[in-house]
Amino acid sequence: MTAQLVDNGGLLPATILTGFLGSGKTTLLNRLLSHEGMANTAVIVNEFGEIGLDHLLVETPDESMVLMDSGCLCCTILGDLVQTLQTLLAKRMTGVVPAFERVVIETTGLADPAPILHTLIADPDVTAYYRLDSVVAVVDAVNADGQLDAHFESVKQLAVSDRIVISKTDLASEDAVSGLIARLQGINPGAAVFKAVMGQIDPDRLFGAEFSSGEGQAGSLAAWLDADARDDRHTQHHHDGIQTFAITREEPVEPAGLELWLDLLASYRGPNLLRVKGLLNVAGKPVVVHAVQHLFHPPLALDDWPDSDHRSRIVFITHGIGRADIDATLDALDFKPERPAGPGTLDPSDYARFVSLMKRFEEPSP
């Protein structure tokens with residue numbers, strides 16, 4: 001991987017809708033499909049029958065797609081996600097389906113959302129036309145505690161999310177809902193948490209968490225990072241095997257050091273990095289980093305800082321990695337080649353420094 005900066009402009013935003021079995025995800029999706037705010041949206045589901053589309057059906061372009069009375073387009077998976085996204089795009093470009101402006105991808109209840117995130121972040125056939133927007137997780141207020149205790153998949157769905165929707169709050173006590181919210185904030189303090197009865201929620205609250213060079217999205221990132229400071233969460237948390245902590249750095253980061261550091265994290269402990277989001281001061285410029293496990297989205301340069309805080313701020317949600325493990329790698333951010341080297345090469349003395357840094361990150365801290 002390289003640290004070449006990218007621009008998200010002009011790409012179609014894609015949102016992942018996830019949630020454990022029985023969480024109320026299907027109810028939420030059904031309500032969203034009937035909402036006028038979902039017009040110009042394409043929704044990818046596993047099976048039409050799971051969401052009961054009969055009362056919403058207007059027209060069927062082909063056996064894998066239906067058009068809704070809300071203006072929303074709904075389709076099933078064709079082979080794999082990449083093929084489905086390509087087919088959708090081709091039909092959009094040729095006018096077979098309306099020119100949708102965003103995509104929502106529903107996962108199955110037991111699915112790990114990481115592979116879909118990987119596709120949206122790293123597959124060149126997808127990233128040329130789509131960009132990751134938000135990850136929305138639905139959690140059941142009645143059964144969540146038992147599911148989180150017994151199924152790590154449900155914990156991971158919440159850990160990688162940007163938005164969390166609590167369903168069935170009308171069936172649970174206020175104390176139970178308050179306790180669940182506290183647990184969710186422990187797992188993922190950066191996620192916005194909403195309540196929804198029978199899937200009733202404004203779609204605008206669930207979308208728009210992506211990182212782009214626009215002023216609004218820079219502000220969204222700052223809000224996510226500041227969630228740690230607001231709730232005094234700079235200390236490390238341990239919930240359900242998940243650790244969440246924030247790293248801040250006063251000194252600017254070297255561009256070469258950023259590339260080394262991202263390679264270091266991804267290569268050695270990628271599977272344990274559930275979600276990483278940060279805003280770094282790279283040689284005085286604001287740069288967004290975003291990772292899901294071993295895949296880091298190419299760093300994105302913002303047009304300007306979202307606020308007056310020009311420190312580097314990074315929030316980690318991990319499984320089996322502590323703050324000390326990350327602290328041991330931070331010297332890599334100061335890395336600056338001592339002598340120019342040819343393309344794709346590294347001076348021997350620089351390489352020796354690189355190896356010494358890597359060794360400190362091979363094993364987790366006790």
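Biologist: How many disulfides does the structure hold?
Modeller: Zero disulfides. Keep in mind that this is a predicted model.

Biologist: Is C74 buried or exposed?
Modeller: C74 is buried, at 0% relative accessibility. C75 is buried too, with a relative accessible area of 2%.

Biologist: Switching to aromatics. How many aromatic pairs are there?
Modeller: Two. One of them is F245 with F316: the ring centres are 5.5 Å apart and the planes are at 20°, so this pair is stacked.

Biologist: Where do F245 and F316 sit in the chain?
Modeller: F245 is in strand β11, residues 242-249, and F316 is in strand β15, residues 312-318. The pair links distant parts of the chain, as the two residues are 71 residues apart. Both F245 and F316 are buried.

Biologist: What about W261 and F316, stacked or edge-to-face?
Modeller: Edge-to-face, because the planes of W261 and F316 are at 90°, with the ring centres 6.3 Å apart. Planes over 60 degrees apart count as edge-to-face.

Biologist: Which parts does that pair tie together?
Modeller: Helix α9, residues 255-269, which holds W261, and strand β15, which holds F316. They are 55 residues apart in sequence. W261 counts as buried, at 0% relative accessibility, and F316 likewise has 0%.

Biologist: Which residues form the aromatic cluster, then?
Modeller: F245, W261 and F316 form one cluster.

Biologist: What sits over the ring of F100?
Modeller: The charged end of R92, 5.4 Å from the ring centre.

Biologist: Another spot: I164. Which strand is I164 in?
Modeller: Strand β8, residues 163-167. I164 has a relative accessible area of 0%, so this residue is buried.

Biologist: What does I164 touch?
Modeller: Leaving out residues up to four places away in sequence, I164 touches A137, V139, L158, L184, A191, A192, V193 and F194.

Biologist: And how many residues lie between I164 and V138 along the chain, in terms of how far apart they are?
Modeller: I164 and V138 are 26 residues apart along the chain, and their C-alpha atoms are separated by 5.8 Å.

Key: Residues numbered from 1 in each chain as written. Predicted model: local features only at pLDDT ≥ 70, side-chain atom pairs only at ≥ 80, totals over all residues. Heavy atoms only, no water. Phe/Tyr/Trp six-rings, centres within 6.5 Å; stacked < 30°, edge-to-face > 60°. Helix = DSSP H or I, 4+ residues; strand = E, 2+ residues; numbered from the N terminus. Buried < 20%, exposed > 50% of the residue type's maximum accessible area, 1.4 Å probe, protein only. Lys NZ or Arg CZ within 6 Å of the ring centre and 35° of its normal. Contact = heavy atoms within 4.5 Å. Disulfide = S-S within 2.5 Å.
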